[in-house]
Amino acid sequence: MTRLARPLAAGALLALGALLALSLIRPGATPSRADVARQIAADLRCPDCQGLSVADSSSGSALEIRRQIDAQLAAGHSPDAVRQSFVDRYGEWILLRPTAPLAWLLPFAVVVAGAAALALLLRRSRVGDTATAHPRVSEAERARVREEAEALDA
């Protein structure tokens, strides 16, 4: 029984790998124009609501933008061209997911800068505390303190 276990396991893994490769290679069904329009509308910000996508909003401007998306797709424009037409009209602001890398990197840069400033502030305050806790004492003062301590002990 154990003689067959390894070849069976290897065959099962090979079959699983082949199915996975086939599912990755095989082209999926092409989305319908309505699906493409819905995806574009989901990527655009509603000018009135600002917190919702055009697909989720029921405002008049969102309805008009959805109509314009359908019209541009019916005219044969690509989804990227449709998105770009709205970016040209409204600016990058209209996109719910900004394309500029700065928009994605800026929050991380602010956090790193804040952590560095906090570390520097803590280090400076710690250095300041040690400087005041252990001030330089002259030999004459140490000798005087020693004499006072001996006088108190006596």
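1. Asp43 has a relative accessible area of 11% and is therefore buried (under 20%, with exposed meaning over 50% and partly exposed in between, for a 1.4 Å probe and protein chains only). This is a predicted model, in which local features need pLDDT of at least 70 and side-chain atom pairs count only at pLDDT 80 or more, while totals for chains, interfaces and linings use all residues. Residues are numbered from 1 along each chain as its sequence is written, and side-chain values use heavy atoms, with hydrogens and water left out.

2. Asp43 forms a salt bridge with Arg83, their closest N and O atoms being 3.1 Å apart (a side-chain nitrogen of Lys or Arg within 4 Å of a carboxyl oxygen of Asp or Glu). Because Asp43 lies in helix H2 and Arg83 in helix H4, this pair ties together parts 40 residues apart in sequence (helices are DSSP runs of H or I, at least four residues, numbered from the N terminus).

3. Arg97 also forms a salt bridge with Asp43, at 2.5 Å between the closest N and O atoms, and Arg97 counts as exposed at 52% relative accessibility. Asp80, likewise exposed at 57%, forms a salt bridge with Arg83 at 3.4 Å, and Asp43, Asp80, Arg83 and Arg97 are thus linked in a network of salt bridges.

4. The largest nonpolar core has 15 residues, with Leu44, Ile69 and Phe86 making the most contacts inside it (buried Ala, Val, Leu, Ile, Met, Phe, Trp, Tyr and Cys residues joined through side-chain atoms within 4.5 Å). Its largest share, 4 residues, comes from H3.

Notes
Helix = DSSP H or I, 4+ residues; strand = E, 2+ residues; numbered from the N terminus.
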